Amino acid sequence: MEEKATIISLKHVVKSFEDGVVVVDDFNLDVKEGEFITILGPSGCGKTTTLRMIAGFELPSSGEILLNGEDISLLPPYKRPVNTVFQHYALFPHLDVYDNVAFGLKLKKVPVEVTDKNGNKKIKMKHLSNKVIDERVLRALQIVDLDEMEDRDVSTLSGGQQQRVAIARAIVNEPKVLLLDEPLSALDHKMRKDMQVELKEMHKKLGITFFYVTHDQEEALTMSDRIVIMRRGEIQQVGTPEEIYNEPVNAFVADFIGESNIYNGTMERPDRVRFIGSVWKCPIEEGFQVNEKVDIVIRPEDVILLPENEGIANGVIESKIFKGVHYEYIVKVGKNEVLCRDTRNHEVGKAVSIRVEPDNLQLMHKDFTINQYADAIIDNNNNVIIGEDPFEVDVTQLLKGSTLDEQGYLIGPDGKKYDLKNAPVVAEVPLDKITLSDDLSSGQSNGTIISSVWIGDHWQYIVRTDDDEDFVANSPYTWNVHDLVSIAIAKEDIAIRLKKGIEEYVIG
Amino acid sequence: MKRTLSVNERKLRRNAILHKTIGQSIIWLVLIVMYVPIMVLIAFSFTTATNIGTWTGFSFDLYKNLFQSEEIMVALGNTVLIALISSLLSTVLGTCGAIGAFYSKKRSREIIESVNQIPVVNAEIVIALSLTVMFVFFQSYILGGANVFSFWTLLVGHMILQVPFVYLSVKPKLQQMDPALYEAAMDLGCTQTQALWKATVPEIIPGVFSGLLLSITLSLDDFIVTAFTRGAGLLSGDKSIETLSTLVQAKIKKGPIPPEMRALTTIIFILVLVVAVLVTIYRNRSVKKTRKGREA
Amino acid sequence: MSSAKKSRGEKNFWRTLRRIVSFKRKYLSIPYFIFLILFVLIPIIIILVYAFTKTTDAGNLVFSFDSLVEFFSSTTKLNVLVVSLFIGIINTILCLVIGYPIAYLLADKKVNKNYVMVMLFVMPMWINFVLRTGATRDVLYMIGIKGGEHPYFATLIGLVYNYLPFTILPLYTTMIKLDRSQIEAARDLGCNPVQTFTHSILPQSVPGIVSAAEMVFMPTMSSYVISDTLSEGKLTLFGNSIANSFNNSLWNDGSFMAFIMLALIFITMFITNRFSKDSGREAGRLW
């Protein structure tokens with residue numbers, strides 16, 4: 001494939017809103033001419049904000065957006081050679097199909113050479129003639145398969161037809177880049193499938209760059225040349241659909257794209273990894289150390305079901321669902337679940353064995369191993385303040401052999417007295433030591449679940465509190481994103497270390 | 001297709017008819033009672049007697065007299081002029097206010113809306129008096145006693161009654177509007193001002209229009225604010241502006257409604273009836289249109 | 001390509017400038033807000049100032065509770081207030097009692113499908129109200145009910161006649177939006193007509209009742225044209241008292257009564273707001 005020129009380039013783009021929330025953080029991306037690029041991510045990951053910054057509806061807080069090498073990040077939308085297809089189409093209800101599509105053309109002015117009275121030639125900016133507008137509108141309607149619909153009121157069109165009008169309205173202006181903001185989300189399943197194919201064909205026909213935003217991984221995989229996966233304002237991975245599917249860089253991407261089994265593992269040797277109670281052969285990759293904790297991703301279709309004792313790990317079929325072409329089984333291996341697919345019919349309860357080709361084991365560095373809070377403070381009741389919430393903590397761990405006196409002052413083994421009030425500390429809490437619960441009064445803090453990933457035998461949640469502090473917690477119980485839960489941490493499970501020396505706090 | 005109805009069906013149908021008949025009778029009864037005074041006035045507009053209740057023979061004389069009565073014609077002219085001018089100004093001001101507030105930050109919008117709510121709930125007499133007191137204050141402390149009461153004070157008085165309602169009828173249209181429309185217009189090449197005209201305004205036009213209608217109604221019907229804030233001007237020339245309300249009020253204080261006014265009531269009634277029919281037709285048509293749209 | 005050469009600082013400068021200078025839609029509300037401040041807020045502030053001051057012989061305004069004392073020690077004025085509240089309440093109840101069934105019937109598809117009927121009820125609103133009031137008085141006079149002899153009765157007829165359309169309209173708008181399937185569900189679950197009404201229809205129409213009452217109660221107390229005309233001056237409502245004080249140049253006393261009126265308005269607003277919020281929450285709980 002020949003190397004195409006870069007058309008859009010985002011450089012260190014940051015967008016933070018007035019309340020200080022950073023929605024897009026240091027976004028860097030080069031889009032090639034004619035490419036179909038998709039930004040994929042869960043809601044609230046900053047993908048739409050990124051698109052809106054390219055369209056000009058939002059100004060980046062810092063960074064540059066280059067179009068053909070020129071910075072357009074400060075231009076108002078009407079001066080940018082890009083057009084948008086909106087999520088809910090945003091057709092003008094007071095105009096018919098023709099006038100909706102012609103909207104942009106009627107505003108356009110092009111340089112025309114005219115001869116004035118004195119015979120001098122001049123360049124004048126003139127509106128397009130009705131004939132030109134007519135031709136272009138009809139051609140655009142043809143491309144989207146809506147010929148002869150031009151007189152219809154937009155309110156009389158079906159969702160799919162409105163969608164086409166929205167696309168025609170954008171492409172008729174011959175934009176350098178077409179921005180599509182979840183354009184298929186309002187359509188029903190069948191319609192969506194058809195439109196995916198059509199959009200891809202349109203992309204081929206028009207040859208312009210498509211910048212597509214969606215939360216639907218299937219859409220992204222079907223249509224895109226390249227996919228950008230975003231999470232919480234940051235790019236996780238950029239790659240072709242195959243790359244993203246086969247080699248996800250972390251558990252989030254693996255979980256988000258397609259179905260997958262994700263497990264906690266430990267490197268035994270450079271080519272051996274231990275998880276779900278067995279040691280598995282794995283490809284030798286750089287960057288993994290022996291004894292390092294890793295995440296392992298296995299796609300369900302890569303799990304091979306074998307008769308008992310013939311594979312690497314033995315288990316029992318716990319459930320099966322008929323999916324048409326294949327069955328989907330959950331095999332219980334120890335206390336872990338393995339999701340797998342097989343075309344053969346097995347009975348539930350059957351003892352089986354599983355095997356995975358080493359190349360199909362995807363090893364990843366762990367996202368989180370421990371929660372670390374670098375800005376914690378000790379208050380006057382010997383609690384540690386994380387964010388704005390106080391957690392009871394054992395401060396005697398700061399000094400070996402120390403005790404607390406009746407007023408709560410720390411007494412060293414040598415009898416020295418320490419006042420730790422307002423002492424800045426770094427607090428650390430292991431993922432397993434955070435207890436989440438529905439009973440909002442049972443914890444020291446409450447927060448909303450903003451992400452959940454199933455890791456073999458438990459969920460890994462990220463819980464965000466009101467004061468924007470994130471707690472990563474493992475839990476066997478199921479919650480959904482947006483659920484409100486309480487966060488409880490036992491006194492002995494919080495490890496703290498002082499930022500300054502303990503001598504600073506001696507009072508007597 | 002004919003078939004005999006079962007006993008149950010017949011009973012249900014009889015109940016439905018009964019329900020309808022009783023319901024409609026109640027509606028009509030109240031309606032008739034409500035219209036008695038107007039109808040009596042209309043009936044006696046075709047006779048020249050000073051008091052209603054006495055019939056001195058059928059004639060159109062009152063209509064002739066009506067158009068010859070300079071007093072009534074001036075008041076009528078003033079009423080229409082002030083209604084048109086004030087409602088047009090209020091509609092522009094209120095619509096701009098609603099658009100501006102809608103796109104402001106929540107805090108400033110809340111401030112504007114709570115101030116906007118004051119004239120809506122306030123008693124007309126308090127509005128009228130507070131304005132008058134302010135004008136007098138202005139007149140004696142800033143203008144040094146020069147008369148401030150004129151057409152302009154009357155205009156302000158009517159506008160204060162109208163603008164909050166314009167605001168309130170435009171606001172829901174803005175809320176219903178797809179916010180992406182404005183962005184779509186900009187995306188397709190509109191500047192901010194063009195986008196406002198081409199995307200926002202067409203969407204809120206029904207609200208603007210009903211705000212205008214409401215403003216006209218409020219102005220035509222107003223008495224208290226007019227009585228307090230008016231000064232010399234308009235068709236009344238050097239005399240205090242007389243509107244229909246103030247003129248009728250002055251007359252009925254002394255005696256029965258002047259005979260010519262009966263003719264005027266008839267004409268107003270017919271005009272209102274025509275407007276009502278037109279509004280109903282327009283409404284039915286738009287209802288049908290949206291229905292058709294949904295079916296397709 | 002020139003813009004690409006701009007330094008970072010320069011770029012930030014332009015970014016800020018574009019944020020500040022560019023036309024913003026919110027600027028459209030500035031003239032409106034100024035208008036409201038000038039002609040709504042300032043007049044009310046002046047009234048409040050007058051309510052708690054008095055004019056000295058030298059012509060200066062000084063802080064005083066004279067108007068307050070004067071108001072609460074005057075039995076005539078207190079009497080007028082009580083009578084006004086009474087008339088206001090009676091009129092509101094009458095309008096609701098007549099208007100509620102009418103609005104329900106108008107919104108009931110089985111009885112009425114025609115919007116013309118609704119228009120007929122609203123139409124009198126468009127005929128000049130002073131004229132309408134005069135007509136009512138003359139017709140009542142014609143059938144022998146003289147305002148001078150029956151001031152309360154005549155006034156109440158005039159008030160109901162005038163405010164009925166204002167009651168029917170908000171009630172009708174709520175009724176048309178009644179959740180018919182909820183009413184059917186109530187019936188399906190075994191409610192008899194009375195229970196259906198108290199459990200489903202009435203709670204659903206509370207917002208309409210509240211806004212209808214709001215439209216009637218306060219204006220009844222303050223608008224004096226109807227009572228003046230129909231009682232032939234025999235019945236004085238609170239609005240008359242305020243107007244009379246000002247006509248007699250008793251600005252401080254008049255302002256204090258206007259202040260009482262404002263206070264009453266805010267109290268009713270507070271109550272009705274709570275009412276409609278509560279009912280809103282209740283309606284929300286149903287789903």
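In the predicted model, strand S3 of chain A pairs with strand S11 (residues 226-231) of chain A in the parallel sense, over 4 bridges. Within this pairing, Ile39(A) lies opposite Val228(A) of S11(A). Strand S3(A) also pairs with strand S10 (residues 209-214) of chain A, again in the parallel sense, and here 5 bridges are found. Strand S3 itself spans residues 36-40 of chain A and is mostly covered, with 5 of its 5 residues buried. In a regular strand, side chains alternate between the two faces of the sheet. In S3(A), Phe36(A), Thr38(A) and Leu40(A) lie on one side, while Ile37(A) and Ile39(A) lie on the other. Both faces of S3(A) are covered, as the residues on either side are all buried.

Another part of chain A contains an open sheet of 5 strands, arranged in the order S17-S21-S18-S19-S20 with antiparallel pairing. The edges of this sheet are formed by strand S17 (303-307) and strand S20 (336-342) of chain A; each has a single partner strand, so one side of each is left without a neighbour in the sheet. On average, and with direction ignored, neighbouring strands of the sheet are turned by 45° against each other. Strand S18 (residues 313-322) and strand S19 (residues 327-333) of chain A run antiparallel and are joined by 6 bridges. Val316(A) is placed opposite Lys332(A), a residue of S19(A).

The loop between strand S21 (351-356) and strand S22 (362-365) of chain A holds Pro358(A). Pro358(A) counts as partly exposed because 13 C-beta neighbours lie inside 10 Å, a number between the limits of 12 or fewer for exposed and 20 or more for buried. When residues up to four places away in sequence are not counted, Pro358(A) touches Lys281(A), Cys282(A) and Pro283(A). For Pro358(A) and Lys281(A), the separation in sequence is 77 residues, whereas the C-alpha to C-alpha separation in space is 5.6 Å.

Chain C has 287 residues, of which 40% count as buried. The secondary structure of chain C consists of 13 helices and 2 strands. Among the contacts in chain C that link residues at least 6 apart in sequence, 72% are between residues at least 24 apart.

Two helices of chain C, H8 (residues 151-176) and H10 (residues 193-222), pack with their axes 8 Å apart and at an angle of about 155°. This angle makes H8(C) roughly antiparallel to H10(C), since angles over 145 degrees are assigned to that category. The crossing of H8(C) past H10(C) is right-handed. Residues of H8(C) that take part in the contact include Leu159(C), Tyr163(C), Phe166(C) and Met175(C), and those of H10(C) include Ile209(C), Ala212(C), Met215(C) and Val216(C). By class, the contact between H8(C) and H10(C) comprises 11 nonpolar residues, 7 polar residues and no charged residues.

Chain C also meets chain B: 70 residues of chain C are in contact with 71 residues of chain B. On the chain C side, helix H3 (residues 29-51) provides the largest share, with 16 residues. The side of chain C that touches chain B is made up of 54 nonpolar, 10 polar and 6 charged residues.

Note on methods. Residues are numbered from 1 along each chain as its sequence is written. Chains are lettered from A and ligands numbered from 1 in the order in which they are written. This is a predicted model: local features need pLDDT of at least 70, side-chain atom pairs count only at pLDDT 80 or more; totals for chains, interfaces and linings use all residues. Two strands pair if DSSP finds at least two bridges between them. Axes are lines fitted to C-alpha atoms, for helices over the stretch in contact, and angles run from 0 to 180 degrees between N-to-C directions. Two residues are in contact if their C-beta atoms, placed from the backbone, lie within 7 Å. Ala, Val, Leu, Ile, Met, Phe, Trp, Tyr, Cys and Pro count as nonpolar, Asp, Glu, Lys and Arg as charged, and the others, Gly among them, as polar. Angles under 35 degrees count as roughly parallel, over 145 as roughly antiparallel, 65 to 115 as roughly perpendicular and the rest as oblique. A crossing is left-handed if the near helix is turned anticlockwise from the far one by less than a right angle, and right-handed if clockwise.
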